[in-house]
Amino acid sequence: MSCPKTQHILQEYFADNLASLAKEKIESHLLVCGHCSNELESLLLTQSTLNQWKNERAPHWNRGMELFRREHQTPISGFSLWHRLQWAPTIACFVMMIVLLLNVNFVSSQEGFSVSFGSTSDDSPAIEERLVAFQEEQRLAMDTLAGRIEDRQSSNNIELLQTVLDQNQQTTAENLNRIYAFFEQQRLRDLEDMRVGYQDLVDNDYETIRSLQQLAQFVSFQSPER
Amino acid sequence: MSLIDEDEALIAAALNGSALAWEKLVRRYESKIYNHGLRLMGNSSDAMDLMQEVFLGVYRNLHRFRGDAKFSSWVFRIAHNKAIDINRRKRLTTTQIRTSDQEELAFLDLVPGETNIEPDNMVSEQQRNRQVISMLAKLPLEQRLVVELKMFQSQTFEEIANLQDISVNTAKTRFYTALKKLKVVSEEIHVLP
């Protein structure tokens, strides 16, 4: 006969640090429930079968020493040199940043080598003079260049205007000729149309006269008979 | 000096470049790891593979061992993870473990035994071990690992739950389910000669 509590009871039976109250409950249930106690007995038997395991002697893992020696053969100084070299780019960047931030000047002259930080105040007047002279030179050069550009621009404009006017005159004359030819052609066409119109009118009149004559003949022919 | 202190002293010496300390550390744990592998993987060859991977892992990560936990727990945590890796790689299933008598005899030839005991005792111990291996082989790896950790490594369900990233109740259920299955397997073995 099965018991609905078997799984819960036996699962808790194998739990660690079971509280005394829970332990008592489990044990009292096992005393009255044959199914659960039989199940527990067979599980404990299974456990005892597993506990029969005897550790077997392991083949020695001899690669341990080999690995250790191989990795420790590398001289420590070589490792540390490489380790230090890894920092070289970072150190170089840091030094460059310091040089830029502190505005460090390295001057090498006949008198020797000197390093200075920040702007050098001794050279300021000479630099100012050179700067003013340079600005003056630049201004003159700019004026000359502007004058040349203006002259060249004016002559270009006149040439362009002349060309445009010539082209305009020529175009106007051509257009007048074309208009004249068109009007002449139109006049001749109108004359021809008028002539044709008159001819049609004359033909119609002629037909009318003939009809009247025929009618008169017919009337005169009918009158004597009466 | 306690075993834990000895472990820590050996680790410190090995990290300072003492090959002898490293060798001692390997020798202290190789039998435990090998037997652990034998129960989990089911054969000597895979147990050796596991042992090699565990010691390589220990060697590479020794400098990371902070001593927060026992060194043995740390080593078996590595062993646990490596066993899962090997199992995944080899797609080891219970059916792949050799179970026929002939194959098992051949398998036992590969398993070295204690040399300082009588041959009769050795055979019976090997037979018992063979029986345990064949019983464990019937379990899926996750249950086999719980049985291994609970019964052979004496870990608590809380430690097992942490190691396997499961709840304590799941660990208990896995253990109970595994025991029930082992009971059935054991009964089959005893009924069928």
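A nonpolar core is a set of buried Ala, Val, Leu, Ile, Met, Phe, Trp, Tyr and Cys residues joined through side-chain atoms within 4.5 Å. Buried means under 20% relative accessible area, exposed means over 50%, and partly exposed lies in between (1.4 Å probe, protein chains only).

The model shown here is predicted: local features need pLDDT of at least 70, side-chain atom pairs count only at pLDDT 80 or more, and totals for chains, interfaces and linings use all residues. Residues are numbered from 1 along each chain as its sequence is written, chains are lettered from A and ligands numbered from 1 in the order in which they are written, and side-chain values use heavy atoms, with hydrogens and water left out.

Start with the core. The largest nonpolar core has 71 residues. The members that touch the most others are A:Leu50, B:Trp22, B:Ile33, B:Val58, B:Phe71 and B:Val147. Helix H2 of chain B gives the most to this core, with 11 residues. Domain 1 (1–94) and domain 3 (138–193) of chain B both give residues to the core, so it lies between them. The domain bounds come from an automatic or database domain assignment. In soluble globular proteins, nonpolar side chains tend to be buried together.

Now follow H2(B) itself. Helices (H or I, at least four residues) and strands (E, at least two) are DSSP runs, numbered from the N terminus. H2(B) covers residues 19–41. This helix is mostly covered, with 17 of its 23 residues buried. H2(B) also has a kink of about 40°, centred on B:Tyr29. The bend at a residue is the angle between axes fitted to the seven residues ending there and the seven starting there. Just after the helix comes B:Gly42, which takes a positive phi of about 90°.

Charged pairs come next. A salt bridge is a side-chain nitrogen of Lys or Arg within 4 Å of a carboxyl oxygen of Asp or Glu. Over all chains, the structure holds 14 salt bridges. One of them joins B:Glu6 to B:Arg28, with the closest N and O atoms 2.7 Å apart. B:Glu6 lies in helix H1 (residues 3–15) of chain B and B:Arg28 in H2(B), so the pair ties together parts that are 22 residues apart in sequence. B:Glu6 is partly exposed, at 27% relative accessibility. B:Arg28 is partly exposed too, at 23%.

A further salt bridge links B:Glu23 and B:Arg27, whose closest N and O atoms are 3.3 Å apart. These two residues are 4 apart in H2(B), or about one helical turn. B:Glu23 is buried, at 10% relative accessibility. B:Arg27 is partly exposed, at 49%. An α-helix has 3.6 residues a turn, so residues three or four places apart point the same way.

Turn to chain A. Its secondary structure comes to 7 helices and 2 strands. Along the sequence, the pattern runs α-α-α-α-α-α-β-β-α. Buried residues make up 13% of the 226 residues in chain A.

The strands of chain A form a hairpin, with 2 residues joining E1(A) to E2(A). Strand E1 spans residues 104–109 and strand E2 spans residues 112–117. They pair in the antiparallel sense over 6 bridges; two strands pair if DSSP finds at least two bridges between them. A:Asn105 stands opposite A:Ser116. A:Phe106 stands opposite A:Val115.

An unreviewed UniProt entry lists residues 87–107 as "transmembrane region". UniProt positions are given in the numbering used here, feature names are shortened, and annotations may be inferred rather than shown by experiment. In the model, this stretch is 71% helix and 19% strand, and its end C-alpha atoms are 29 Å apart.

Helix H7 of chain A covers residues 124–225. Within H7(A), A:Arg139 and A:Glu136 lie 3 residues apart, about one turn of the helix. They form a salt bridge, the closest N and O atoms being 2.7 Å apart. A:Arg139 is partly exposed at 43% relative accessibility, and A:Glu136 is partly exposed at 37%. A:Glu136, A:Arg139 and A:Asp143 are linked in a network of salt bridges.

Two loop residues in chain B complete the tour. Most residues other than glycine have a negative phi, and most peptide bonds are trans. B:Ser154 is not a glycine, yet has a positive phi of about 55°. B:Ser154 sits in the loop between helix H7 (141–152) and helix H8 (157–164) of chain B, and is exposed at 59% relative accessibility. B:Asp165 also has a positive phi, near 55°. B:Asp165 is found in the loop between H8 and helix H9 (168–191) of chain B, and is exposed at 71%.
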